[in-house]
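Dear colleague,

Please find below the structure that I am handing over to you. My notes on it follow directly after.

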Amino acid sequence: MITFIIALAALVIGYFFYGRFVERVLGYDFSKPTPAISHPDGVDYLPLPTWKVYMIQFLNIAGLGPIFGAIMGAKFGTASYLWIVFGTIFAGAVHDFVAAMMSLAHDGESLPEIIGRYLGRRTKVVFGVITVVLMVLVGAVFISGPAELLAGMTPDWATPTFWIIVIFVYYVAATMLPIDRVIGRFYPIFAFALIFMAVGILFGIFIYRPELPEMWDGFGTKYEGNPIFPMMFVSIACGAISGFHATQSPLMARCLKDSRHGRPVFYGAMVTEGVVALIWAAAATAFFGEHGAVNSATGLAYTGAGVATTLSHEWLGYFGSILAILGIVAAPITSGDTALRSARLIVADSLRIEQKSIPKRLAISIPLFLLTFGVLLFSLEDKNGFNIIWRYFAWCNQALSVFTLWSITVYFTLSHKPFVITLVPALWMTAVCTSYVFVAPECLNLMPGSDWFGPLVGCCAALVAALLFFLWRSKAVKRGYASSLS
């Protein structure tokens, strides 16, 4: 319990101190009007109240990530607490916040456009393709789970297929309509439910006082036969750092009325997610200690749903069960629709297609819907399809964070700012993603069960990346490059 309390306090302190430090380093010109004010289009560029932007941003980046990821990562013991805390404060929140402010500075540009500015046109193309693929995977992954759960709670005629169609219709509406029509009205409610559920679980931890691991007890065990590095850092993504978040930050940057609220909205939303993830990691640790490990064959989504529902019912009663169902059903759906909306905007920015007219929105959205539906059919036809898609989504997600962190590092370097604050996270995530390719079961799966091979590959990748970066930096300094967000 002591480790959990320290970790919780560290997240809160990190927001006030390190968040403000990053804001000063960024040196943004707050007198500059935001895109929502300078050229609103009534669809995507539309000023919303700051509290709404915060709640929508939180739900966009959260979904089920801080619940399911934290629950699965809890098998690593207190190591999961440390990753959530350090990952959130020094990597994830910086990643989300700076990506949003860079988008604000460049007229609300989507993430691939920003990446292209600092990492080059070729990287922009590769990154854009990976990003759209990730958005499609998010849209597909976060349909099947809620559809199955809804089918189990409704009459027999309401089959999973029926609910998939219903959710898809909702996707179309949320992707196509102005952001204040669906997302602006319902997201704050669902975000409040997700936060309220986490607060209830937090009270449950202090009331029931389950036996929780401490740092001095060790750092957990292997997960599905794989070592902590890199598996934990991919399993716990949204609760620490997630490339998906940086695709959502520009979405909300287009709705922010005052850039002074950037830190509370973007850095703050990530810290809030870190708190939620920490609470669920601790609660899941207590659950596994009492009930034993969950059968991994049930699949990641269903395992997480089972743990979250059981804990909510046991600790919060009937009301908690309702909140759990609301969160487990609504949260993934709301991540899926904003993912497809982001994909539409990314493609539109890349092809320079304005999105004020409905026909042009449809021209981009229809292919995305068809592709998402095709991925979804694969996940339903193959009994292991969901797990396969989830794992590729998880790696692709973290790979996006690598691109974003390196882009920010390049920007800081060119602007003569202390680039080390993102260089270290960039090197770490480079090591994680490279190592994952070599050791994960669904990738090369070299030397399975080895405790040293993954870290060795990761260290080599980080050293090579560091060498290339400092070689580039020396050339950039000689040429006198400069960049600014002011």
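The notes below cover salt bridges, a cavity, a surface patch and some backbone features.

Please bear in mind throughout that this is a predicted model.

Salt bridges

The structure contains nine salt bridges. In one of them, Glu23 pairs with Arg263, and the closest N and O atoms are 3.4 Å apart. Glu23 belongs to helix H1 (residues 2-26) and Arg263 to helix H12 (residues 262-291), so this pair ties together parts that are 240 residues apart in sequence. Both ends count as buried, because the relative accessibility is 15% for Glu23 and 7% for Arg263, and the cut-off for that class is under 20%.

Glu113 and Arg352 form another salt bridge, again with 3.4 Å between the closest N and O atoms. Here Glu113 lies in helix H6, while Arg352 lies in the loop between H13 and helix H14 (358-381), so the contact links parts that are 239 residues apart in sequence. The two partners fall into separate classes of burial: Glu113 is buried at 7% relative accessibility, whereas Arg352 is exposed, with a relative accessible area of 62%.

The side chains of Arg254 and Asp349 also meet in a salt bridge, at 2.8 Å from N to O. Arg254 sits in the loop between H11 and H12 and Asp349 in helix H13, so the pair joins parts that are 95 residues apart in sequence. Arg254 is buried, with a relative accessible area of 3%, and Asp349 is buried as well, with 17%.

Cavity

A search of the whole structure returns three cavities of 30 Å³ or more. At least two of the lining residues come from each of helix H6 (111-119), helix H11 (243-253) and helix H13 (300-351).

Surface patch

On the surface, Leu444, Leu446, Met447, Trp452 and Leu456 form a nonpolar patch, and together they have about 480 Å² of accessible area. Within this group, Trp452 is located in the loop between helix H16 (420-439) and helix H17 (453-479).

Backbone features

Most residues other than glycine have a negative phi, and most peptide bonds are trans. Against that background, I would draw your attention to the following residues.

- The peptide bond from Phe229 to Pro230 is cis, with omega near 10°. Pro230 is part of helix H10 (residues 228-235).
- Asp107 is not a glycine, and its phi is positive, near 65°. Asp107 lies in the loop between helix H5 (78-105) and H6, and counts as partly exposed at 40% relative accessibility.
- Arg209, likewise not a glycine, has a positive phi of about 45°. Arg209 lies in the loop between helix H9 (183-208) and H10, and is exposed, with a relative accessible area of 55%.

With kind regards

Methods: Residues are numbered from 1 along each chain as its sequence is written. This is a predicted model: local features need pLDDT of at least 70, side-chain atom pairs count only at pLDDT 80 or more; totals for chains, interfaces and linings use all residues. Side-chain values use heavy atoms; hydrogens and water are left out. Patches are made of residues with over 30% relative accessible area and no salt bridge: like charges are joined within 9 Å, nonpolar side chains (Val, Leu, Ile, Met, Phe, Trp, Tyr) within 5 Å. Accessible areas come from the Shrake-Rupley method with a 1.4 Å probe; for residues, only the protein chains shown count as cover. A salt bridge is a side-chain nitrogen of Lys or Arg within 4 Å of a carboxyl oxygen of Asp or Glu. Helices (H or I, at least four residues) and strands (E, at least two) are DSSP runs, numbered from the N terminus. On a 1 Å grid over the protein atoms alone, a cavity is a set of points where a 1.4 Å probe fits but cannot get out, and a pocket is an open set with protein on both sides within 12 Å along at least five of seven lines; lining residues have an atom within 4 Å of a point. Grid points are joined across faces, edges and corners, and a volume is the space filled by probe spheres set on the points. Buried means under 20% relative accessible area, exposed over 50%, partly exposed in between (1.4 Å probe, protein chains only).
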